[in-house]
Amino acid sequence: MLHFINIALPLPAPRLFTYRLPETVLAAMQEHTSSESAALKRLVGCRALVPFGKRVLTGVIVDVENVAALPEAKPILELLEQTPAFSPQLLALGKWIADYYLASLGETLKTMLPQGMSPESIVRVSSLKQPSEEELETMRRRAPRRYALLQELLQHDGEISVAYLEKVLGGNTSISAQLEVLEEEGFVERHRGMTKEIQAKTVRAVALHSDLTEEAALKAALDELDRAAPKQALLLGRIYWHYQTQGVAPLLAKEALAASHGEPFTESVLKGLIQKGYVQDFQIDAPRIEKRNPELASVLAPKDELAAAFTLEQQHARDKIAEAIHASKFKTFLLHGVTGSGKTLVYMNAIRETLERGKTALLLVPEIALTPQLIERFRAVFGTNIGVMHSHKSAGERFDAWRLARSGDVRIVIGARSALFVPLPNLGIIIVDEEHEPSYKQDDPAPRYNARDCAIVRGTLEKAVVVLGSATPSLETMYNALSGKYHLLEITERADGATMPIVRVVDVLERRKQRKMIGVFSEDLLRAVLVRLAKKEGVILFQNRRGFASRLECRDCAHIPMCPNCSVALTYHKHRNLLRCHYCAHSHEAEKACTNCGSADMREIGSGTQRIEEDLKAELQNSLEIFMAAQGIAEEKPREIVIQRMDLDTTTKKGSHAQMLTRFAKGEIDILLGTQMVAKGLDFARVTLVGIINADMQMYLPDFRAAERTFQLLTQVSGRAGRSSEHRGEVILQTAHPKHQTILAASTASYEMFYNDELQSRKEALYPPFVRFVMIEFSGKEDPVVHTHAQHFAFALQREQQSHSQAHKRDNHYHAPFLLLGPAVPSIARLRGNYRRIIVLKNLREHDASGRAMRDMVLRAYHAYNQKHASSAVKITIDVDAAGFV
């Protein structure tokens with residue numbers, strides 16, 4: 001009997017593909033089940049290699065029961081596992097994500113797996129011969145894209161993947177046709193292969209043969225070896241000693257051969273024991289788990305926090321969450337606690353309650369920068385048996401964390417956005433720390449999901465408790481809590497007797513008139529820094545712009561070097577003398593003269609973290625000596641001020657975050673200067689001053705979330721100061737708009753003031769939480785073509801609106817499910833070499849609570865557009881619940 005299965009493939013197509021199941025695969029599955037039906041059901045969620053045209057792809061089996069017979073269906077090539085990669089709950093989550101965010105199920109499921117678990121065929125290209133000048137010139141005139149392709153290939157000696165070539169050449173069209181012509185003409189050769197599937201790491205181990213576990217047999221073997229092979233006798237004795245002390249636990253071969261009071265054993269000695277049958281060797285799993293650094297642990301997590309006393313508000317939050325955990329029912333909490341209020345202690349207690357009931361726990365954090373200290377704090381409480389997943393881990397480390405979680409060998413997982421999909425069995429609690437952070441939203445590629453919202457869906461499916469934690473909850477989350485959708489828990493005071501920092505607002509316009517500004521630093525801020533340096537206390541300075549200057553500008557003609565691929569000015573990085581685009585990563589050496597008029601007088605506009613570091617060092621070194629002398633503080637020799645930048649430019653190396661934080665905690669770094677990496681999650685008692693260089697930087701961006709993000713950043717970074725009862729913290733906030741509602745709310749730590757004002761503005765302008773904000777982007781190499789296609793899609797949407805309205809014309813209470821705005825040119829009109837247009841849909845939650853009507857209408861419009869106007873020259877992306885404008 002033929003069996004057919006439906007498989008989701010990692011393709012944009014929103015459909016499933018039918019394949020035939022070979023009898024051999026079914027027979028192998030039946031060995032572990034009671035019936036053929038049970039064997040088929042076990043296939044759901046498993047990965048399989050399948051042929052797709054000339055390619056081979058990894059897909060996920062999603063249906064085995066409701067599949068129509070398709071005699072021409074191809075058989076799968078290989079079943080990659082017999083234990084499903086996706087549990088029924090995770091598969092259901094993937095289907096929800098694909099439906100809600102208008103993505104294909106195959107792409108969604110691929111996103112949910114660690115990198116390397118979706119092998120596929122890959123085409124590589126190499127050049128065969130050098131064309132003549134005449135051939136190149138003819139190709140340049142007649143086929144410029146083919147010419148560019150060949151020129152790129154000629155710059156490389158070995159093979160290059162087609163994916164790399166398409167990325168370098170840009171555009172949305174395939175280069176397959178161009179490659180085919182070049183291959184026919186003998187210029188290139190194509191090679192097909194498979195990407196390597198990530199595997200578990202194994203190491204060689206040795207163990208005593210079972211016949212020698214009896215003392216008499218061992219003595220006889222040792223007596224024989226003492227006479228004939230003394231070194232083998234010594235090694236056998238070592239392996240036996242391991243058996244006596246460690247039981248059946250395997251001994252690593254390298255440890256058995258290692259030196260002990262003399263020369264190490266050679267491989268031939270071990271080989272002799274194996275040949276005699278005294279010892280056996282084999283491979284064992286060796287998970288790639290980062291070893292704990294004792295110094296790092298003692299500095300970043302010096303105490304067992306569960307021993308700390310609770311405040312009344314902490315106790316109330318702990319008890320309410322514990323009640324939900326004991327009930328084993330889904331429930332969502334919003335834990336709104338001021339900075340330093342001990343939310344992490346509440347998390348730890350909730351996780352302990354969960355583990356005691358035999359369940360597992362997942363903790364999501366938004367930033368890699370937050371993980372070193374947080375992980376050490378959790379290890380101090382729960383031990384080292386914690387899985388960690390984020391992008392600074394290698395693919396192997398992430399895969400091993402995924403495997404250990406699925407097998408139940410780790411019961412707590414801490415990670416960034418993608419850790420949401422870790423297959424923890426019997427999941428009891430999901431905690432989303434700093435739930436307001438935009439980094440929980442995936443921008444590219446599809447699916448463009450929000451991990452916070454998906455965590456709530458997973459909690460529903462797993463019947464798990466979900467805790468959203470923040471000192472500055474997003475407006476959507478707080479709105480849901482106040483409307484009763486979530487259970488609101490509040491902690492209004494800091495823990496351990498600490499008090500909120502004093503916030504001093506410095507009007508930089510007023511200080512500049514008074515000539516009390518030195519560059520970007522007010523005298524208020526510099527003096528406060530000097531006071532802390534003299535006391536050897538910690539200082540954090542915040543500037544949310546990396547690089548040296550935001551741009552260069554010619555003093556004579558006002559020319560500004562722009563990115564050739566994006567409609568943005570290039571950022572100047574002085575230390576490497578580079579102009580760099582922070583959107584597409586284009587960079588080149590900074591010109592010594594203006595490329596427009598030839599003038600050598602180029603000025604640096606704006607201040608990034610590099611410039612602030614340089615200016616601060618120059619200003620503080622002499623000032624500190626003068627200040628300390630005036631205060632009567634004597635030192636044997638002038639001390640060197642240590643300033644450490646923490647931004648994307650300084651934290652690319654693995655482990656760099658942890659090293660910086662360790663040195664700062666130990667007092668080896670005086671000033672930690674950084675972007676938003678320093679704004680969240682850092683908990684150091686020695687920090688008594690936070691300086692905000694420019695509080696206005698994001699406030700006037702053309703984005704409806706600009707005020708909210710500014711308030712959140714300012715509140716969060718201010719909260720790094722004074723987290724100990726011994727020293728009250730101080731925050732100096734420099735602004736040119738001291739009376740702006742965002743600055744007033746942040747400086748008074750008044751979330752309620754900000755929430756009430758901003759919510760009213762959002763309601764009047766129809767923005768979230770009152771609408772679902774959907775952005776449809778069109779991009780391509782030719783501006784007129786992009787504009788035309790955006791218009792076609794807008795017309796298709798308008799027709800859908802009219803049809804929907806006509807269908808409900810007798811309903812006096814009918815309202816259209818969305819408002820349509822655009823097409824419009826976004827603030828960055830060209831990005832990564834592509835011109836752009838956007839259409840904005842405001843899906844009214846009041847009239848379409850689930851968004852179902854809006855999604856159906858968008859899909860129908862997309863289908864109508866594809867039938868008449870689809871073109872590979874224009875790429876369309878649909879972002880449901882977009883984080884904002886770009």
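Me: How many positive and negative side chains does the chain have, and how far apart do the centres of the two sets lie?

Reply: In this predicted model, the chain carries 111 positive side chains and 105 negative ones. The centres of these two sets lie 2 Å apart.

Me: What can side chains of opposite charge do?

Reply: They can pair when their charged atoms come close. For this structure, a search of the whole model finds 46 salt bridges.

Me: Which residue meets Asp524 in a salt bridge, and which elements hold the two?

Reply: The partner of Asp524 is Arg504, with 3.2 Å from N to O. Asp524 belongs to helix H21 (residues 523-535) and Arg504 to strand S19 (residues 502-507). The two are 20 residues apart, and the pair links distant parts of the chain.

Me: Is Asp524 buried or exposed?

Reply: The general idea is a cut-off: buried means under 20% relative accessible area, exposed means over 50%, and partly exposed is in between. Asp524 has a relative accessible area of 15%, so Asp524 is buried. Arg504 has 33%, so Arg504 counts as partly exposed.

Me: Which residue forms a salt bridge with Lys574?

Reply: Glu614 does, and the closest N and O atoms are 3.1 Å apart. Lys574 sits in the loop between strand S24 (571-573) and strand S25 (578-580), while Glu614 is in helix H22 (residues 609-630). This pair also links distant parts of the chain, 40 residues apart. Lys574 is partly exposed at 32% relative accessibility, and Glu614 is partly exposed with a relative accessible area of 32%.

Me: Where in the chain do Arg836 and Glu777 lie?

Reply: Arg836 is in strand S35 (residues 834-844) and Glu777 in strand S32 (residues 771-780), so their pair ties together parts that are 59 residues apart in sequence. The side chains meet in a salt bridge of 3.1 Å, N to O. Arg836 is buried, with a relative accessible area of 1%. Glu777 is buried as well, with 19%.

Me: Which residues do salt bridges with shared partners join into one network?

Reply: The network consists of Arg504, Arg511, Asp524, Arg532, Glu537 and Glu730. Arg504 and Asp524 are the pair discussed above.

Me: What does Ser567 touch, leaving out residues up to four places away in sequence?

Reply: Ser567 touches Met562, Ile828, Ala829 and Arg830. Ser567 is in the loop between strand S23 (551-554) and S24. With a relative accessible area of 33%, Ser567 is partly exposed. For a distance across the model, take Ser567 and Asp223: they are 344 residues apart along the chain, and their C-alpha atoms are separated by 82 Å.

Me: How many helices and strands are there in the chain?

Reply: There are 28 helices and 36 strands. Among contacts between residues at least 6 apart in sequence, 75% join residues at least 24 apart.

Me: Why does the radius of gyration agree with a compact globule?

Reply: The general idea is to compare the chain with what a compact globule of its length would have. For 886 residues that would be near 29 Å, and the chain has 31 Å, which agrees. The C-alpha trace spans about 95 × 80 × 70 Å along its principal axes.

Me: What share of the residues is buried, and what is the accessible surface of the chain?

Reply: Buried residues make up 51% of the 886. The accessible surface comes to about 40800 Å², and 49% of this area belongs to carbon and sulfur atoms.

Terms used
Residues are numbered from 1 along each chain as its sequence is written. Side-chain values use heavy atoms; hydrogens and water are left out. Helices (H or I, at least four residues) and strands (E, at least two) are DSSP runs, numbered from the N terminus. The radius of gyration is taken over C-alpha atoms; the globule rule is 2.2 Å times the number of residues to the power 0.38. Buried means under 20% relative accessible area, exposed over 50%, partly exposed in between (1.4 Å probe, protein chains only). Contact means heavy atoms within 4.5 Å. Accessible areas come from the Shrake-Rupley method with a 1.4 Å probe; for residues, only the protein chains shown count as cover. Lys and Arg count as positive and Asp and Glu as negative; His and the chain ends are not counted. The place of a charge is taken as NZ of Lys, CZ of Arg, CG of Asp or CD of Glu. A salt bridge is a side-chain nitrogen of Lys or Arg within 4 Å of a carboxyl oxygen of Asp or Glu.
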